[in-house]
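Dear colleague,

I am passing on the structure we discussed, with the sequence alongside. Please have it open while you read the notes that follow.

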Amino acid sequence: MKKIVIALSFFMLLTSCVSKKQYAALEAKNKETQDLLNTCTVKLNSCLEEKAGLTATVNGLKDQNQHLISQSKDMTVLTTKGAENIEKALESIKEKDLKISRMQDALTKKDSVTLAVVTSLKASVGISDPDIEINVEKGVVFIQIADKLLFKSGSYDVTDKAKSVLAKVAKVVNDKPDFECMVEGNTDNVPYNGSGILLDNWDLSVKRSTSIIRVLAGDLGVNPAQLIAAGRSSYTPLVANDTPENRAKNRRTRIVVLPKIDQFYEMVEKEMKKQQN
């Protein structure tokens, strides 16, 4: 605006001392200058507005970039933690799989030993006698002998016939010094009516167990440390005690041949050491 005032003053000064032709030329030149100034002003304002917009965009991009950098750092931390967690989880799974594998190997070995015991027992005792049953349940060997082969009715004195059967059992047990042998007496549900030190079927079942143990340890050379006495009275019947035949089935002695617990864990430990080596 200051330039315009100066130009007009100069123009008025000239009008007093220049011709009309010169005045017209100067006026045209002034108009051209004014138009150019207006055009430049418009362009300047447009540039300023564009600059303001670009500045705002740049500032927004800077903020966005900073936010992305921060997110990237957070993601890096999360990714690192996630990778560590995954790695720990995989290690845990590997350890569990290894333990399971070791336990399975130990159980396989235990089952192999159990199978060998069954084979030895069946070869020694024989399987043709219906009053002697040999089987395996949950990795444990069971020898079930009907009481008529072992005792007279209501008695806990072992018969001579029973000793020949027990001798075959003793041979197998003696071949497995790292196994235990539990002798379990079972009765029917008829109450014990005998006299003497026995009070009931509990006493009778336990007394029959200890009588067999005395034969195994005293007469047949089985290590007493391997033997366990147990009595179940009439509370684990094979069949209902509703007929004489069924009661005869329930009167039985069960000999359980099983690895010692510490022997089993020793097998597991050995297998684990092998895996570690």
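How many bridges join strand β3 to β4, and do the two run parallel or antiparallel? In this predicted model, strand β3 (residues 179-186) and β4 are joined by 5 bridges and run parallel, and within this pairing Cys181 has Leu227 of β4 as its bridge partner.

These two strands belong to an open sheet of 5 strands, ordered β1-β2-β5-β3-β4, in which the pairing is mixed. Because β1 and β4 (227-231) stand at the edges with a single partner strand each, one side of each is left without a neighbour in the sheet. From one strand to the next, the twist averages 20°.

Helix α3 (residues 160-174) packs on the sheet, where it touches β1, β2, β3 and β5, and its direction makes about 170° with that of β2. Helix α4 (residues 201-219) also packs on the sheet, touching β3, β4 and β5, with its direction at about 160° to that of β4.

Strand β2 (residues 140-146) deserves a separate paragraph: 7 of its 7 residues are buried, so the strand is largely enclosed by the rest of the structure. In a regular strand, side chains alternate between the two faces of the sheet. Here Val140, Phe142, Gln144 and Ala146 lie on one side and Val141, Ile143 and Ile145 on the other, and all are buried, so that both faces of β2 are covered. Strand β1 (residues 132-137) runs antiparallel to β2 and is joined to it by 6 bridges, with Glu133 opposite Gln144. Strand β5 (residues 252-259) is likewise antiparallel to β2 and joined to it by 6 bridges, and there Phe142 stands opposite Val256.

With best regards

How values were computed:
Residues are numbered from 1 along each chain as its sequence is written. This is a predicted model: local features need pLDDT of at least 70, side-chain atom pairs count only at pLDDT 80 or more; totals for chains, interfaces and linings use all residues. Side-chain values use heavy atoms; hydrogens and water are left out. Buried means under 20% relative accessible area, exposed over 50%, partly exposed in between (1.4 Å probe, protein chains only). Helices (H or I, at least four residues) and strands (E, at least two) are DSSP runs, numbered from the N terminus. Two strands pair if DSSP finds at least two bridges between them. Axes are lines fitted to C-alpha atoms, for helices over the stretch in contact, and angles run from 0 to 180 degrees between N-to-C directions. Contact means heavy atoms within 4.5 Å.
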